[in-house]
Amino acid sequence: MSRPADRITPAQSGTGDMEPDEFRKAAHVTADLAADYLERLERYDVLPQIVPGSIRKRLTESPPAGPEPLASILADYSAWIEPNITHWQHPGFMAYFPSVASGPGILGEWLSATLNSNVMFWRNAPASTELEQVVVGWLRQMLGLPEAFDGMFTDTASVSSLLSILAARHVVPGIDATELGLCGAPQLSLYASAEAHSSIEKAAIASGIGRRGLRRIEVDGQFRMRPEALAAAIAEDRAKGKLPFCVVVTLGTTSSTSIDPVAAIAEICEREGLWLHVDAAYGGAAALAPELRSLFPGWERADSIVVNPHKWMFTPFDASLLLFRRPEAFRGTFCLTPEYLRASVQEGAHNYSEYGIQLGRRFRALKLWFMIRWFGSEGFATRIREHCRLAADLAARIEAEPGWELLAPVPLATVCFRFRPAGTAIDSDGLDQTNQSILDAVNQTGRFYLSATRLNGRLALRVALGNPRV
Ligand code: PLP
C-alpha cells in the first residue's frame, strides 16, 4: 500500500519547489516521523554501535541529477540517519552537558525555518527584531538580572564570549584596536581560571590577544578561581607594562561545574577598571529557580553574561543568550553600514546586526517565545530544581557506597566521581584505567552515555543531568 509520501514527487516544471498543497502533505508526513522518533527514542541505544565511516559508505557518493520523491528521501533518513545519530534527546544521555529539544521549541524552530526571517535590521525583520527584544527581556527577568542588561541571541557561548571580549577590547583606554588593530599596542591581558572553557582560549586567539595574552588563574580545592591569585597576576602584568582589560568568570565550569566567586572578582574588576564577562553557559539556567540565585551573588555586576538556553533550558540547538550592560561597546565595535545596506537602516529602530559579527542572523527568539509561553517561568524552575535534587541524591548515594567517591562538590546537576576500592591510595596507579574501563562498559550497554574529565589529574566519571525525560 502506498504511503502519503510516495505520492509526493517533485514537479518537473514551475519553481521545482513543493506546491503549497504538497508541502502540507509532506509536512504532515514529516511531523509523524518526528513524533514517532520522540515516542520511540528510548528504544534506541544512546550511542549507535557503529565504526567511523560506516554511514558514509551507505550514502550515495554522487548527488542525484534529477529529482527524487519525498518517500525515498525519508526512507533513507529513517534507515541511515535517525538510527545512527548519538541520541542527545535520550534520557540516558548524561555526557558533556545536556542539550535537549522540547516539543514547543521544535515547533518554533520549524516555523522559524518556514518564515526564513533574517534578523539583520528592523526594516527586513520587524516582528522578529521586536520579538527578540521582548524575549531577551523575559529571559533577563526570569534569571533575576537587573533592567540595566540588554542583549541578543547568538548561536553559541563560544561566539557570545568572543563578542564580549571584542567589546571589552574596544573600550580599553589608550588603544584603538577596532580602528588600528593591535600592532604596536601593549600586550593586552585577559584572565580566566585554569578550569575555564576552551572557548575563552579560542576567543583570545581570534581577538588578537593571543594564547599568551590569556592568563589562566589557579583554582582552589573546589576548582574555583582564587581572587587573590587574580589580583596578584594583574599587579604583575601591570608591572611588566601589559594592559589588563578583561576577566572571565565561570559559573558552572565544564569539568566539575565549580562556581567562581564572582562578587570578589567583581570587586577586583571595579577597582582595576576591567571588563567582567561571566560565562554561565551551563550554570546560569540555575537562576531560573529563584532560591538558586544565591549561588551567584554578584553576577549582576558583570559587564556581559552568557547563558545557553540550548544547554539546560530544553531548547533545540542553537540558542545562546548574550546579556550586556554596555550596548555602545558592542555597537562601537561592530556597527558599520556599507552603501548597499544603508537604505535598510530605519531611524530609531533596533538593528541587531550592528551588535555582532554576523550580518544575517537566525530567528531564534521564536522558539524561545514558544517555549517560555508553554512552560512558564515556574515550569523551568520546577525542572531545574528536580535535576539538582536528583544530582544531590546521586551524590549522597555515591558517598554512602563503599569503594566510590566524589571528586568535586555538586553545586548544580552534574556529578563527578570515580571507583576507588577500599584500601587503594588516592593516586594509585591503575585507578584511571579501572575507571576508563567502567566508563567504556557503561557506554557499551547502550542505556547510558557518560563522559569523563580530569580533576587534579585524576580521571573522573561525569553524570550531567538536565533532560526533563530523566
Ligand atoms: N562555556 C562553558 C562553561 C561550557 O561548558 C561550554 C560548553 O560546554 C561552552 C562555554 C561552549 O558552549 P557552546 O558550544 O555553546 O559554544
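These legends describe close-up views of a predicted model. Residues carry numbers that start at 1 in each chain and follow the written sequence. In this predicted model, local features need pLDDT of at least 70, side-chain atom pairs count only at pLDDT 80 or more, totals for chains, interfaces and linings use all residues, and side-chain values use heavy atoms, with hydrogens and water left out.

**View 1. The shell of residues around the ligand.** The ligand is surrounded by 14 residues, and the closest are A157, S158, T254, D279 and N308. A residue is near a molecule if one of its heavy atoms lies within 4 Å of it. Two helices, α6 (157-170) and α11 (309-312), each supply at least two residues of this shell. Helices are DSSP runs of H or I with at least four residues, strands are runs of E with at least two, and both are numbered from the N terminus. By class, the shell has 3 nonpolar, 9 polar and 2 charged residues. Here Ala, Val, Leu, Ile, Met, Phe, Trp, Tyr, Cys and Pro count as nonpolar, Asp, Glu, Lys and Arg as charged, and the others, Gly among them, as polar.

View 2. A polar contact is a pair of N or O atoms within 3.5 Å. A polar backbone atom of A157 is 2.8 Å from an oxygen atom of the ligand. In the side chain of D279, an N or O atom is 2.7 Å from a nitrogen atom of the ligand. An oxygen atom of the ligand also lies 3.1 Å from a polar side-chain atom of K311. The protein buries 86% of the 400 Å² that the ligand exposes when taken alone; these areas come from the Shrake-Rupley method with a 1.4 Å probe.

**View 3. The second largest pocket, where the ligand sits.** The ligand sits in the second largest pocket, meaning that more than half of its atoms lie within 2 Å of the pocket's grid points. A pocket is an open set of points, on a 1 Å grid over the protein atoms alone, where a 1.4 Å probe fits, with protein on both sides within 12 Å along at least five of seven lines; lining residues have an atom within 4 Å of a point. This second largest pocket holds about 430 Å³ of space, a volume being the space filled by probe spheres set on the points. It is lined by 26 residues, and F97, H197, T254, N308 and K311 are the closest to its centre. Two or more lining residues come from each of α6, α11 and β10 (451-455). The largest share, 3 residues, is from β10. The lining has 10 nonpolar, 13 polar and 3 charged residues.

**View 4. The largest pocket.** The largest pocket holds about 680 Å³ of space. Of its 25 lining residues, A34, Y37, Y77, Q89 and I106 lie nearest its centre. Helix α1 gives the most to this lining, with 7 residues. The lining divides into 18 nonpolar, 6 polar and 1 charged.

**View 5. Two backbone details.** The peptide bond from F317 to D318 is cis, with omega near 10°. D318 is in the loop between α11 and β7 (320-324). N116 is not a glycine, but has a positive phi of about 50°.

Terms used. Polar contact = N/O pair within 3.5 Å; in protein donor to acceptor, adjacent residues only side chain to side chain.
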